Amino acid sequence: MTTPEASTVLLVDLDNTLIDASGASAAINAALHASLGEATAARFWACYEEVRADLGYVDIREAMLRLGRERGDASVLAPLVDAVYGVDYRSLLYPGALDALTHARGIGLPVVVTDGHPGYQRHKALAAGVSAAVEGRVLVYDDKTREIEEITTRFPAGHYVVIDDKPSVHAAFKVALGPRVTTVLVEQGRYAREGEAVTPPPDLRLPSIAAFAGLSAGALRPAG
């Protein structure tokens with residue numbers, strides 16, 4: 001469904017931008033160790049990385065299924081699901097994350113756009129209170145940089161603001177949308193320093209998502 005055109009649409013990332021993804025992994029790992037033991041926990045993360053390499057994106061559900069198929073024992077799936085979906089994701093929100101989304105609503109229409117398995121990503125967004133903060137506007141893709149046309153068709157706007165921790169994501173949106181987009185790099189999480197020489201560079205850099213609440217609408221509009 002396409003929404004009416006907005007003046008400004010803010011495309012906000014989830015992992016490492018609103019939610020501490022490394023903290024989520026640590027919480028899942030602790031639960032796996034407690035329920036399945038060190039060896040099975042280690043093998044799960046190996047499957048996780050193998051799936052990432054095979055698919056080109058993170059699919060935690062496929063990692064769980066792969067481990068179950070490998071073991072030939074479906075009973076391993078229940079504790080895996082409990083470990084992954086039982087995390088308190090609200091406690092893993094970065095300070096100021098929901099305030100940033102409130103601030104975004106005063107500037108334009110915020111939409112969370114993230115990569116990964118749809119069920120898991122939407123669960124995280126819902127459990128953390130992110131989905132409610134953006135009135136359910138959560139889009140999940142294998143790779144959002146390949147879906148820019150689809151995203152902008154679903155949420156047409158005169159101008160876009162991309163808020164993300166990955167410089168490569170900003171570069172892709174800048175190439176696709178040119179002066180119609182302002183890119184805001186949130187320098188937190190494991191990917192924030194990737195590709196320091198990426199071209200085009202982000203328009204703005206913030207030390208944390210909390211700092212977004214200090215930006216005015218004018219600061220997010222293109223020069224001139």
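**The nonpolar core and its helices**

Mentor: In this predicted model, the largest nonpolar core has 50 residues, of which Phe44 and Phe212 touch the most other members. Helix H2 (residues 38-55) supplies the largest share of this core, with six residues. Leaving aside residues up to four places away in sequence, Phe44 is in contact with Leu32, Ile60, Ala63, Met64, Leu67, Leu80 and Val84. Apart from this core lies another, of 17 residues, including Ile148, Ala157, Val169 and Leu177. In soluble globular proteins, nonpolar side chains tend to be buried together.

Threonine 40 also belongs to helix H2. Its relative accessible area is 10%, and the cut-off for a buried residue is under 20%, so Thr40 is buried. With residues up to four places away in sequence again set aside, Thr40 touches Leu67, Arg71 and Val76.

Two further helices deserve attention. Helix H3 (residues 60-71) packs with helix H4 (residues 77-85) at an angle of about 160°, and their axes are 10 Å apart. Angles over 145 degrees count as roughly antiparallel, and H3 and H4 are therefore roughly antiparallel to each other. The crossing in which H3 passes H4 is right-handed. On the H3 side, the contact is made by Ile60, Met64, Leu65, Leu67 and Gly68, and on the H4 side by Leu77, Leu80, Val81, Val84 and Tyr85. Nine of these contact residues are nonpolar, one is polar and none is charged.

Conventions:
Residues numbered from 1 in each chain as written. Predicted model: local features only at pLDDT ≥ 70, side-chain atom pairs only at ≥ 80, totals over all residues. Heavy atoms only, no water. Axes fitted to C-alpha atoms, helices over the stretch in contact; angles between N-to-C directions. Helix = DSSP H or I, 4+ residues; strand = E, 2+ residues; numbered from the N terminus. Parallel < 35°, antiparallel > 145°, perpendicular 65-115°, else oblique. Left-handed = near helix turned anticlockwise from the far one by under 90°. Contact = heavy atoms within 4.5 Å. Nonpolar A, V, L, I, M, F, W, Y, C, P; charged D, E, K, R; others polar. Core = buried A, V, L, I, M, F, W, Y, C linked by side-chain atoms within 4.5 Å. Buried < 20%, exposed > 50% of the residue type's maximum accessible area, 1.4 Å probe, protein only.
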